[in-house]
Amino acid sequence: MPTHIGALCWIDSTPVPKAFFVDDETGIPIGEATVTLLHEHRSKVVPGWDLCPGACNSSAVLRTVLRANQIKDVPEHLLKVDPNLPYLRLRPDKIGFDNATENHGRTVEQNLDDAYIRTDFVGANMPRDKSVQERVIGTFQDLLFKHQADANYDIARMRRYGFDPDETGHVLCSIQTARRLLALAVMTHNVTRHRGLDDRQPGLIWKQLLGTRKLNVLKDVDEFKRGMGVVAEATMSSAGFEKFNRRYTPGALEMRRIVQDFERADRVPKGDIGRKPRTNRDDRKRPTWKVRIRFDENDIGIVRVWNPHALPAPKWEDFSCIERTAHGMPLWLHKRCLEVAERDAMDYLTPEGQAIVRARLFEEIANVDSRSAERDRLALGRALADPNVSRIAAGYVHVVDEPVVAHSQPEPEEYAPALHGMSRGNRKDAEIDTPRSPPPPPTEPVRMRSASNAVSVVPTVSAKASASAVPAKAPELRHRKTTSKSTNDARRGATAPTKSADRPDKQAPSRASSNRLKYGDEF
């Protein structure tokens, strides 16, 4: 059980049912919105609230916590009931969340930790863990959005964003009126009897418990505001960076200091063995750096850039948009403006019509002289060679086969393509062996020749000498020289025995001679 005011708070969000919101200043339709409430557990007071277009996000959660710390603007008729209603402010010691995506962001937990606010997440799919907050949400759904503002809006355009009073029963309301009604409903709840407090008002319980302990508030509100927003990445140069189709810069003097900080970090100290940064070798290109940015979804006029090289400590640098119309513009309004501009541009001229107009201009430029025409043909050929252009052109260019004229069957030509794909139809490469000269017989060494191949040399003598001569002896056959197994065929000592003689100390003893017969002796 909490012991003092602010010891435990609950926060939750829910879409506003049966309400369609528009911007009262521009008349641009918004669609659905989400209300976020911060509820104090001990006194049942609601000190913080927020109404954001679309779904809930991390910025809406932080804005609700910041609203709980601020002094409220209370109507006159409620000030007569309790003059202390504007001072229902506190910094929670611990906040209970559900497992929504916007509550698990690093931005939410990091900023709450910096403000010394603990977080506690309830179990998944267990609404009973925060049943008190669920009851408060139901109470505000009954209090809110009972009236609609009198205004003329573009109903046809709002139907594109889901406005359908006949089917869904949507109530048309401006976002400014809805926020004013939400603030009024919160203060009305704080002065209304509560059954969980023995039919006492939450403002009365707050007033009674206020003297027991001093309330905690945020010490540095500006630093807490700087931590709010969505974190993204951008490419920064000496001229700033681009975001939301706009350019942001802090000014000439501040930009020069920031660039000097990043250039100082790019220098490698003498003797450093770490990885050297990639340097820009092109003098025509200005150096760029990847930086982390943070912007508030309620105001895209100012974007903060993280400078890790600032001295004496890293900090967030404020970059302002060069267009004054962006200051104070929320992100949802910027997206709606882009959608409306896209629809208007589509009604004025389609992308296909724009491509035709530009093609005619390029065609006229190519017809200036022969060089222009030749250069245009080369550029067109390079463009058509690109696979992406060919894929896109396939959706606009239709290829039709040429008409085939029926003729009599022509005679096959000598070099007509055959069915097998050869350029010559009567080829017989697979049937006729390629003519080649016979290989010469291998030369056999003389010592390897057999007896049948031996050549006998007969000397030529006269007939008189041959009659008185002795018949010649047939020449001996030359056989391959065989070597003994006990000899070594090595070049050195070829006739030496394979095994050397034993030393005298290793020789077997000789047997004494005897006259007795031995086995195997012959008589």
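Modeller: Before we start, buried means under 20% relative accessible area, exposed over 50%, and partly exposed in between (1.4 Å probe, protein chains only).

Biologist: Okay, and what kind of model is this?

Modeller: A predicted one: local features need pLDDT of at least 70, side-chain atom pairs count only at pLDDT 80 or more, and totals for chains, interfaces and linings use all residues. Residues are numbered from 1 along each chain as its sequence is written, and side-chain values use heavy atoms, with hydrogens and water left out.

Biologist: How many salt bridges turn up in the whole structure?

Modeller: The search finds 10, counting a side-chain nitrogen of Lys or Arg within 4 Å of a carboxyl oxygen of Asp or Glu.

Biologist: Which residue does Arg-336 pair with?

Modeller: Glu-339, at 3.7 Å from N to O. Both sit in helix α10 (residues 331-348), 3 residues apart, about one turn; helices here are DSSP runs (H or I, at least four residues), numbered from the N terminus.

Biologist: Is Arg-336 buried or exposed?

Modeller: Buried, at 17% relative accessible area, while Glu-339 is partly exposed at 32%.

Biologist: Which residues are joined into one network?

Modeller: Glu-254, Arg-257, Asp-261, Arg-264 and Glu-317, through salt bridges that share partners. In the Glu-254 to Arg-257 bridge, the closest N and O atoms are 2.6 Å apart. Those two are 3 residues apart in helix α9 (residues 252-266), so about one helical turn separates them.

Biologist: Switching topic, what does Arg-247 bridge to?

Modeller: Glu-242, with 2.9 Å between the closest N and O atoms. Arg-247 is partly exposed at 29%, and Glu-242 is exposed at 57%.
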